[in-house]
Amino acid sequence: MTHLPVLQVLIPLMGAPACALLRQRRAAWTLFLLVTGGALVCAVLLVLRMEQGSVRYALGGWPAPRGIEYVIDPLNAPMLALVSLIALIVAVYARPSVEAEIETRRIPLFYACMCLCVAGMLGVIATGDAFNAFVFLEITSLSSYALIAMGKRRRALLAAFRYLIVGTIGATFLLIGIALAYAVTGTLNMADLAQRLPDVYGNRALTAAVAFVVVGLAVKMALFPLHSWLPGAYAEAPSAVSTLLAGVGTKVAVYAFLRFALTVFGGSLVFGLLPVGSIGLVAACAAMVLASAIACFQRDLKYLLGWSSVAQIGYIVAGLSLATVDGISAGYLHMINHAVTKAALFAAAGVLLMRLGSVDLQALAGLGRRMPWTFAAILLAGLGLIGLPPTAGFVSKWALVLALVEQGQWFVVGAVLGSSLLAVVYVGRIVEIAWFREPPETPLLRPPAVPMVAMTWLLVLMSLYFGLSPVLPAALADGAAVAVAGRLR
Amino acid sequence: MIATHYIYWLIIVLMMSGLYIVLSHGHLLKKLIGLNVFQAAVFLLYVSFGKVAGGTAPIVAPGIETYSHPLPAVLVLTAIVVGMATTSLGLALAVRIFREYGTLEEDEAIVAEASEHTAA
């Protein structure tokens with residue numbers, strides 16, 4: 001039990017070489033399933049342990065700040081559970097999807113990359129060391145570049161290359177920021193940094209450090225206007241990869257932003273002395289309105305969903321930029337709810353892609369009546385994007401609007417409402433094409449794969465459950481916000 | 001200031017040149033070269049922090065009192081490994097893009113994609 005924090009990361013990390021060595025697709029898949037299951041067990045146990053207070057784990061027995069430590073507190077324990085849960089669902093979903101999309105001899109390596117991707121995400125979340133966070137972020141990114149490049153169309157290669165260039169610039173910015181913070185304090189341990197940094201507030205190198213870290217992470221979370229890599233990367237990736245990345249990929253960067261802004265630099269520097277909060281609100285408004293508008297004009301379902309993700313990151317960042325307990329809690333809650341909702345939508349798009357060979361919106365004409373279950377899932381999750389009750393999207397958007405009104409940010413409230421109306425347009429377009437057009441004569445390519453449809457519906461039902469009874473996610477989000485309440489201003 | 005902090009000026013020039021190469025060129029290999037120059041500047045930034053005036057390489061030897069700080073060098077080693085992995089993955093992608101599109105110019109590949117899209 002004492003080793004839970006490191007097992008959380010180590011289990012998927014060790015899964016990667018094992019998958020690569022197995023060289024047998026079913027065995028590799030089974031291993032990936034076990035690994036994500038193991039990670040979820042660790043995460044749930046850690047969440048339950050939060051009642052007894054935070055857990056600090058010194059790697060290799062070297063005490064911090066000399067050694068690297070993992071810190072599990074109420075801010076990151078729910079994220080560990082969220083990432084592990086989505087990863088497990090994707091693992092069940094992946095078997096038929098991957099066999100249809102990836103060359104057989106590459107499948108074990110595909111699962112090795114998936115293990116690395118999950119390990120990297122969990123590592124970013126669990127670590128209490130600034131440099132370690134950079135390394136794990138790059139493990140996640142490098143494996144996602146490779147995974148995206150395995151997409152079926154050759155455009156996937158261009159999308160992956162573009163993401164690689166932009167993502168590496170973002171990561172290098174983060175590296176520069178960490179270097180500057182290290183230069184003024186001489187430590188890389190996050191708790192130690194938090195203790196020493198207030199003495200040097202106002203130092204120009206520290207201001208530059210904050211700027212580099214914020215911009216670097218904004219690239220990784222695809223915050224407008226640094227979002228250009230996201231729609232192509234999500235749309236061209238294999239279905240299982242889209243589902244995992246759209247669910248939790250950008251959320252990890254959002255979490256890293258929270259971690260650095262509040263528990264490393266301190267809210268009084270980032271949101272008080274520096275205008276990160278107002279910049280975040282402006283970027284969030286632009287993301288919500290513009291990205292939703294662009295989503296309305298997409299011709300491909302997966303691109304449409306990708307642009308919608310850029311807009312949804314806007315909601316999350318708007319909440320966090322307020323730097324109030326309610327704002328952080330609303331942003332955190334939307335992170336959980338949107339992860340489930342968007343994963344459901346990309347999972348459903350994967351089902352369509354497998355059965356139709358394309359997710360071009362024109363190819364979906366009239367299929368609502370022939371594939372009622374898949375399209376009902378898309379509709380219900382789509383309502384979550386708009387933010388209608390009884391979906392989870394409604395709960396978090398409501399919390400966000402209340403937090404914004406409390407701060408008198410009426411302009412941002414307007415952007416939230418405008419973006420929701422645009423979401424009605426793009427979700428409505430899918431509904432119109434799928435149900436109100438004549439179905440084609442051509443038969444469907446393949447029968448539905450049971451695990452894929454089942455996992456899509458599991459995600460949809462989760463989003464409905466979180467909408468009808470938001471006790472659990474709201475409690476986790478409030479716990480996270482309260483944990484950082486002392487460091488907001 | 002230029003005389004005492006010349007290493008930082010060198011780093012800034014390298015950093016900006018690298019970033020400019022990445023942004024201004026459409027050729028995929030040139031983009032990767034720019035990215036490497038940019039990253040190399042950051043590696044230098046780390047190493048420069050470790051320098052102690054009059055210090056030698058941090059290897060224990062008799063008769064030496066002042067050593068440079070070894071930790072930044074270790075950090076850079078990790079960052080170099082990450083950078084190398086990025087470059088090799090980027091090169092592998094460039095090879096596959098060349099096989100699929102017959103060009104390494106990003107613009108030409110996009111044009112090829114668009115014309116195929118309208119034809120189909």
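Author: Start at D300(A). D300(A) is buried, at 11% relative accessible area (buried is under 20%, exposed over 50%, partly exposed in between, with a 1.4 Å probe and protein chains only). The model is predicted: local features need pLDDT of at least 70, side-chain atom pairs count only at pLDDT 80 or more, and totals for chains, interfaces and linings use all residues. Residues are numbered from 1 along each chain as its sequence is written, chains are lettered from A and ligands numbered from 1 in written order, and side-chain values use heavy atoms, leaving out hydrogens and water.

Now the partner. D300(A) forms a salt bridge with R153(A), and their closest N and O atoms are 3.7 Å apart (a salt bridge is a side-chain nitrogen of Lys or Arg within 4 Å of a carboxyl oxygen of Asp or Glu). This pair links distant parts of the chain, 147 residues apart. R153(A) sits in the loop between α5 and α6 (155–185) of chain A. D300(A) sits in the loop between α12 and α13 (301–321) of chain A. Helices here are DSSP runs (H or I, at least four residues), numbered from the N terminus. R153(A) is partly exposed because its relative accessibility is 36%.

Next comes R155(A). Its side chain meets that of E236(A) in a salt bridge, N to O at 3.9 Å. R155(A) lies in helix α6 of chain A and E236(A) in helix α9 (residues 230–236), so this pair ties together parts that are 81 residues apart in sequence. R155(A) has a relative accessible area of 22%, so it is partly exposed. E236(A) has 3% relative accessibility, so E236(A) counts as buried.

Helix α6 also reaches the other chain. R162(A) forms a salt bridge with E106(B), with the closest N and O atoms 3.4 Å apart. That pair crosses between chains: E106(B) belongs to helix α4 (residues 106–119) of chain B, and R162(A) to helix α6 of chain A. E106(B) is buried, at 12% relative accessible area. R162(A) is partly exposed, at 35%.

Now put the chain A pieces together. Salt bridges that share partners join R153(A), R155(A), E236(A) and D300(A) into one network. And the wider setting? A search of the whole structure finds 14 salt bridges over all chains.

Terms used:
Helices (H or I, at least four residues) and strands (E, at least two) are DSSP runs, numbered from the N terminus.
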